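Please consider each point with the sequence and the model in view.

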Amino acid sequence: MGESMEQGASALARLRGDFFGGLTAGVVALPLALAFGVASGAGAAAGLYGAIVLGLVAALLGGTRMQISGPTGPMTVVFASALVAVGGDLGMAMAAVLVGGIVQIGLGLVRAGALVRFIPYPVVSGFMSGIGVIIIALQLAPLLGALPSSSPLGAILGLPGVLGAFNGEALLLGLMTLVIVFRTPMSISRIVPAPLVALLAMTALSALAGFDVAVIGEIPVGLPELALPSFSLETWTTILVLGITLGMLGSIDSLLTSLVADSVTRTRHHSNRELIGQGVGNMLCAFAGGLPGAGATMRTVVNIKSGGRGRLSGVVHALFLLALLLGAGPLASEIPLAVLAGILIKVGVDILDYRLLKLLRSAPRADVAVMAAVFLLTVLVDLIVAVAAGVMLSMGLIIHQLVAQASLRIWPVPREAGEGEGGRAADMESGVRVIEVGGPFFFGSTSQLLDRVDQVIGTRVAVFDCSRVPFMDLSAQFALEEMVDRLKAQSIAVLVVVPPAIHAQLLRLHAPNLPAALLRHDLAAALGEARALVAPAA
């Protein structure tokens, strides 16, 4: 009886924690959803639709029980770029969102969720810092009361013109918003989130003072209408590229947030299920006209700190936003854009990766170079290009380090004691030379061997000592075959010493120039056999 009562009390505590956690996360999500919707170019309502649909579906189907999903800074930036790329056609932009959801589901089905752990940290750091700078740059014009630019570079280059014609009332609201979101004590933020305080206070001030500033405008009240994504044969390649970008970015963004949730709660998420849940949610966002999103780090941490531990917290978060959408649309329409700009600038500042920025002087130069390249490409070119280039640069650096670890040494085997008589130094050689290969033997290190194999021309037997090679790829196997063939053409006998694992690997190839008769496991035995081959000729 006592045990059942304890279980009931524990279940009630979990329900209470999920309810208050989801409610708090919903309060935090409201201003961000509105701000992201406006920043994307699709409208404030699109931000709310995305937060509700994705937040509900990902909570029910995802693999991270306490994660709160919705529009995020990186996804908003990519969607805004997509909307510009398709000429402002919302139907085509939603087709890209649909493709992105399908990509996420596909990644989950092929169990690619664990691959996010293999993205180098400098790539993630440069990408996130670049996103933070993009958000800040795009919100400078609305903060000053001007129309926002569609690109970060355009926003920076157009700043002098904006400064010359700023709206003083909008700037006042924006600066006061920044003060609130940056300086509100944590004791107050735990009760009422600072972005919500700024949203309510500055909207009230603007209305009471009669400020002439740009506002969100009319927000539809009620459930979103079903919208069909559209594309044509002329635009399908653009839609496909944008969709893959959204899918890849949403997957990375969500799984990184899942890792954060794991570290806070000491639990483990199911990455592939999380990708499927996020994919289904984003697909439904495309039909609801909602902004695509991902797992949101700040809202997830707020949920956990407020007691959320289960899927119910994400459901409560989505239902809270739905209730506001059904009844508070007219009130939200009067929110000044400068206030939302101030809130988003705080988001951009929080996204910057201060952990690596503080280590710029002491971190390895190669990692700093990768981070800087990804950062610049993110801000100036394209997000998916930045991530792809960063991963390729990191791979290039790893290959360079592996090549540096590879070694090649060619040395003659002396005669054994009592073999022949003393004389010239050349007479002390047995006619056997060892080509010693050490370290990784792969496509990056094969050129060393191919360039120096001619040094053994003129000997009678060549022994390839690959006993210290940890792995050998197909390029190295073909290179080894080519060298054996060249030596045989010079009437030089060849033996190859390899570890057992590589021995089995070579046998599976059925390579004509690397038959089992040439392969050995032990170097000493191979040298003895090589001397025996030389002895009859001597």
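1. What is the relative accessible area of Glu529? The structure is a predicted model, and in it the relative accessible area of Glu529 is 31%. Because burial requires a value under 20% and exposure a value over 50%, Glu529 is classed as partly exposed. Its side chain takes part in a salt bridge with Arg520, in which the closest N and O atoms are 2.7 Å apart.

2. A search of the whole structure finds four salt bridges. As background, side chains of opposite charge can pair when their charged atoms come close. One of the salt bridges joins Asp350 to Lys346, with 2.7 Å between the closest N and O atoms. Both residues belong to helix H16 (residues 337-351) and are four residues apart, so about one helical turn separates Asp350 from Lys346. Asp350 is partly exposed, at a relative accessible area of 42%.

3. A further salt bridge is formed between the side chains of Glu436 and Arg409, at 2.8 Å from N to O. This pair links distant parts of the chain, since Glu436 lies in strand S4 (residues 429-438) and Arg409 in strand S3 (residues 407-414), 27 residues apart. Glu436 counts as buried, at 12% relative accessibility, whereas Arg409 counts as partly exposed, at 45%. Arg409 and Glu436 also belong to a network of salt bridges that includes Arg468.

4. Asp253 is buried and yet has no salt bridge. The nearest side chain of opposite charge is that of Arg299, 7.9 Å away; a salt bridge would require a nitrogen within 4 Å of a carboxyl oxygen. When neighbours within four places in sequence are left aside, Asp253 is in contact with Thr72, Pro74, Met75, Ala294 and Gly295.

Terms used:
Residues numbered from 1 in each chain as written. Predicted model: local features only at pLDDT ≥ 70, side-chain atom pairs only at ≥ 80, totals over all residues. Heavy atoms only, no water. Buried < 20%, exposed > 50% of the residue type's maximum accessible area, 1.4 Å probe, protein only. Lys, Arg positive; Asp, Glu negative; His and termini not counted. Contact = heavy atoms within 4.5 Å. Helix = DSSP H or I, 4+ residues; strand = E, 2+ residues; numbered from the N terminus.
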